[in-house]
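Morning, everyone. Please bring up the sequence and the model, and we'll walk through it together.

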Amino acid sequence: MISPVSESKTQATSRSTHRQKPEVTPYVDLTRTEWSALRDKTPLPLTAEELERLRGLGDVIDLDEVRDIYLPLSRLLNLYVGATDGLRGALNTFLGETNKKAAQSGTPFVIGVAGSVAVGKSTVARLLQALLSRWPEHPRVERVTTDGFLLPTKELEARGLMSRKGFPESYDRRALTRFVADIKAGKDEVTAPVYSHLIYDIVPGEQLVVRRPDILIVEGLNVLQPALPGKDGRTRVGLADFFDFSVYVDARAEDIESWYLNRFRKLRATAFQDPSSYFRKYTQVSEEEALDYARTTWRTINKVNLLENVAPTRGRAGLVIRKGPDHKVQRLRLRKL
């Protein structure tokens with residue numbers, strides 16, 4: 001018979017063994033130092049002045065961050081582009097003569113960049129555009145944001161969605177998916193609507209024109225959302241189905257709220273002062289009143305969207321970039337092949 005003491009030890013050993021089982025994950029988890037070592041002498045093609053132009057309001061990214069985090073990422077993506085071209089060539093060879101024209105014309109490599117409001121995803125997308133365009137293999141790198149595919153304010157108001165702006169249902173998802181599909185198909189010219197943060201609406205009559213890029217970067221809150229089933233119950237093709245690689249910019253919700261409020265404070269002192277600004281009214285009240293509005297907006301709209309819609313798509317990304325409270329990247333998780 002096993003004594004109570006022996007039984008207790010056995011149970012403890014069992015629990016300890018259970019705790020030590022490695023986590024089953026499709027990702028390789030890397031520290032900042034481990035990731036930085038992977039850039040393999042890739043030169044830094046940006047100056048401090050260029051970085052200043054690329055940096056978002058409130059983002060504290062510096063050249064060390066570019067060197068440690070984004071140079072290795074640009075190298076990885078350059079390798080992905082070359083490997084994808086080779087794989088596509090093999091597929092066209094398998095399919096035969098009818099696809100020679102498609103093989104010769106080239107297919108754009110599409111990258112999705114997702115993450116919360118105020119997490120810094122726009123800066124990441126701009127940095128990737130600048131760095132990837134320096135590689136001689138693919139100089140034509142275009143960037144689009146999903147803001148241009150938000151429904152116009154009149155349409156949002158008619159549908160009762162103004163308080164849901166940024167949620168998946170506030171976008172023309174079909175038009176967005178068609179836009180990326182047309183670029184992926186190699187169309188000579190594809191257009192997208194233009195959104196203005198100043199007027200907080202789509203700019204009437206203005207369009208962004210994209211002409212056969214080597215690489216397209218698509219940046220937005222919900223770009224990794226899976227496709228919704230159609231009325232017939234069948235699953236449709238979603239935006240992320242056209243991505244060759246995707247990045248999710250991650251941080252604690254508490255830190256993102258702090259960054260959001262800091263950005264709002266800076267915008268109140270700058271862009272909101274413009275007489276045309278939709279948010280000019282928040283310059284006419286006290287700072288505390290304005291910040292109360294910003295806190296309410298974060299907690300009732302942006303945080304809800306983050307927790308319900310944006311964060312659940314993190315596991316679909318090819319790379320997760322995890323930031324700390326100081327906006328510095330701490331860890332990275334790269335999906336295994």
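In which hand, left or right, does H9 pass H10? The crossing is right-handed. Keep in mind that this is a predicted model.

Let's stay with that pair. H9 covers residues 253-269, and H10 covers residues 287-310. Their axes come within 10 Å. They cross at roughly 140°. Angles over 145 would count as roughly antiparallel, and 65 to 115 as roughly perpendicular. H9 and H10 are therefore oblique to each other.

Who touches whom? On the H9 side, look for Ala253, Ile256, Glu257, Tyr260, Leu261, Phe264, Arg265 and Arg268. Among their partners in H10 are Glu287, Tyr293, Arg295, Trp298, Arg299 and Lys303. By class, this contact has 11 nonpolar, 2 polar and 7 charged residues.

Now the second pair. Please find H4, residues 63-95, and H6, residues 121-132. These axes also come within 10 Å, and the crossing is at roughly 60°. H4 and H6 are therefore oblique to each other. H4 passes H6 in a right-handed crossing.

From H4, the contact takes in Val66, Tyr70, Leu71, Leu73, Ser74, Leu77 and Asn78. From H6 come Val124, Leu127, Leu128, Leu131 and Leu132. How many charged residues are in the contact of H4 with H6? There are none; the classes are 10 nonpolar and 2 polar.

Definitions and conventions:
Residues numbered from 1 in each chain as written. Predicted model: local features only at pLDDT ≥ 70, side-chain atom pairs only at ≥ 80, totals over all residues. Heavy atoms only, no water. Axes fitted to C-alpha atoms, helices over the stretch in contact; angles between N-to-C directions. Helix = DSSP H or I, 4+ residues; strand = E, 2+ residues; numbered from the N terminus. Parallel < 35°, antiparallel > 145°, perpendicular 65-115°, else oblique. Left-handed = near helix turned anticlockwise from the far one by under 90°. Contact = heavy atoms within 4.5 Å. Nonpolar A, V, L, I, M, F, W, Y, C, P; charged D, E, K, R; others polar.
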